[in-house]
Amino acid sequence: MRANLRPEEKIFVALDYDNMDDALRMAERLGDTIKTMKVGLQLFFKSGPEILHRLHEMGFQVFMDCKFHDIPNTVAGASDSVTAHGVYMFNVHCAGGLEMMKRAKEAAIKRAEASGIQVPKLIGVTQLTSTSQAMLNEEIGIAGDVQRSVLHYAKLAQQAGLDGVVASGHEIAAIREACGDQFLTVIPGIRPAWAASDDQKRIMTPAAALAAGAHYLVIGRAITHADDPKAAALRILEEVR
Ligand SMILES: O=C(O)c1cc(=O)[nH]c(=O)n1[C@@H]1O[C@H](COP(=O)(O)O)[C@@H](O)[C@H]1O
């Protein structure tokens, strides 16, 4: 079914705002083009769960980007809480380990079944797209190349029963080869040729990421900071078609 997704269904827009009004205004402007909005911690701490309910009311799916990373029991509790809001997808850091990821998945399934809602897709964050090769080795203290670390985490996430991983466009092919076509790849660090790279290090154009087999692209500033966000979204869609 996923193979039949239209390009606009593969793009998640990151609503990185410090207030709910701006976020909802942007969602409204993009509403007839984009189906899934990503809510991150900046917005969530200002709006609380109301932003999730408002976006659902407007007909959007929500990717709750909470990047949980804690002891297994705490992450299981947090996963239960976020699942209760009916989100389409949420994420945890693979660095939390196998047990943490398994407990997150179990808690999400249990809460969804108890509430009679769809089980959210659970995605593991491998290495952030703002992490360069030098940062990985020298600051984070992981030896070897970025792809090796991303693949290690992707396999661990699959073993834990997660639905996919967040990685950069450069690792899509290797993840597909190691984990199969059904294991979701959610790709931020997306930059059309005409957009600035900002703080992202491992970037790729939307067309290249989809050609490499990405299931979903996460796009923030290239759309939300554009003079005309709707036109930017349509231009990206045009480029990927
Ligand atoms: O989990 C994420 O969504 C995420 C993981 C990652 O490795 N890199 C990354 O940029 N993100 C998120 O994706 C979005 C990218 O935004 P832009 O750089 O503005 O396109 C932000 O909301 C980030 O929090």
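This is a predicted model: local features need pLDDT of at least 70, side-chain atom pairs count only at pLDDT 80 or more; totals for chains, interfaces and linings use all residues.
Me: What makes the overall form of the protein agree with a compact globule?
Reply: A compact globule of 241 residues would have a radius of gyration near 18 Å, and the protein has 17 Å, so the two agree. The C-alpha atoms fill a box of roughly 45 × 40 × 35 Å along the principal axes. Of the 241 residues, 43% count as buried.

Me: Which secondary structure does the protein contain, and what share of its contacts joins residues 24 or more positions apart?
Reply: The protein has 11 helices and 8 strands. Among contacts with a separation of 6 or more, 68% are between residues 24 or more positions apart.

Me: Which residues does the domain annotation cover?
Reply: In an unreviewed entry, UniProt gives "domain: Orotidine 5'-phosphate decarboxylase" for residues 10-236. That stretch is 46% helix and 16% strand, and its end C-alpha atoms are 12 Å apart.

Me: Why is I11 called buried?
Reply: A residue is buried if 20 or more other C-beta atoms lie within 10 Å of its own. I11 has 24 such atoms, and therefore I11 is buried. I11 lies in strand β1 and, apart from neighbours within four places in sequence, is in contact with I34, L217 and I219.

Me: How do you know whether V218 is buried or exposed?
Reply: The cut-off for a buried residue is 20 or more C-beta neighbours. V218 has 20 inside 10 Å, so V218 counts as buried. This residue is found in strand β8. Leaving aside neighbours within four places in sequence, its contacts are F12, A14, K38, V186, I187, P188 and I190. The C-alpha atom of V218 is separated by 21 Å from that of D21, which is 197 residues away along the chain.

Me: What makes one side of helix α1 a buried face?
Reply: The buried residues of helix α1, which spans residues 20-30, are A23, M26, A27 and L30. Seen down the axis of α1, these fall within an arc of 100°, so they line one face of the helix. An α-helix has 3.6 residues a turn, so residues three or four places apart point the same way. The face turned away from the buried side of α1 carries the exposed residues D21 and E28. The buried residues of α1 pack against several elements, including β1, β2, α2 and α11.

Me: Why is K67 called partly exposed?
Reply: Partly exposed lies between the limits of 12 or fewer for exposed and 20 or more for buried. K67 has 17 other C-beta atoms within 10 Å and is therefore partly exposed. K67 lies in strand β3 and touches N91, V92, H93 and V125, not counting residues up to four places away in sequence. UniProt, in an unreviewed entry, lists K67 for "active site".

Key. Residues are numbered from 1 along each chain as its sequence is written. UniProt positions are given in the numbering used here, feature names are shortened, and annotations may be inferred rather than shown by experiment. Helices (H or I, at least four residues) and strands (E, at least two) are DSSP runs, numbered from the N terminus. Two residues are in contact if their C-beta atoms, placed from the backbone, lie within 7 Å. The radius of gyration is taken over C-alpha atoms; the globule rule is 2.2 Å times the number of residues to the power 0.38. The arc is that of the directions from the helix axis to the C-beta atoms.
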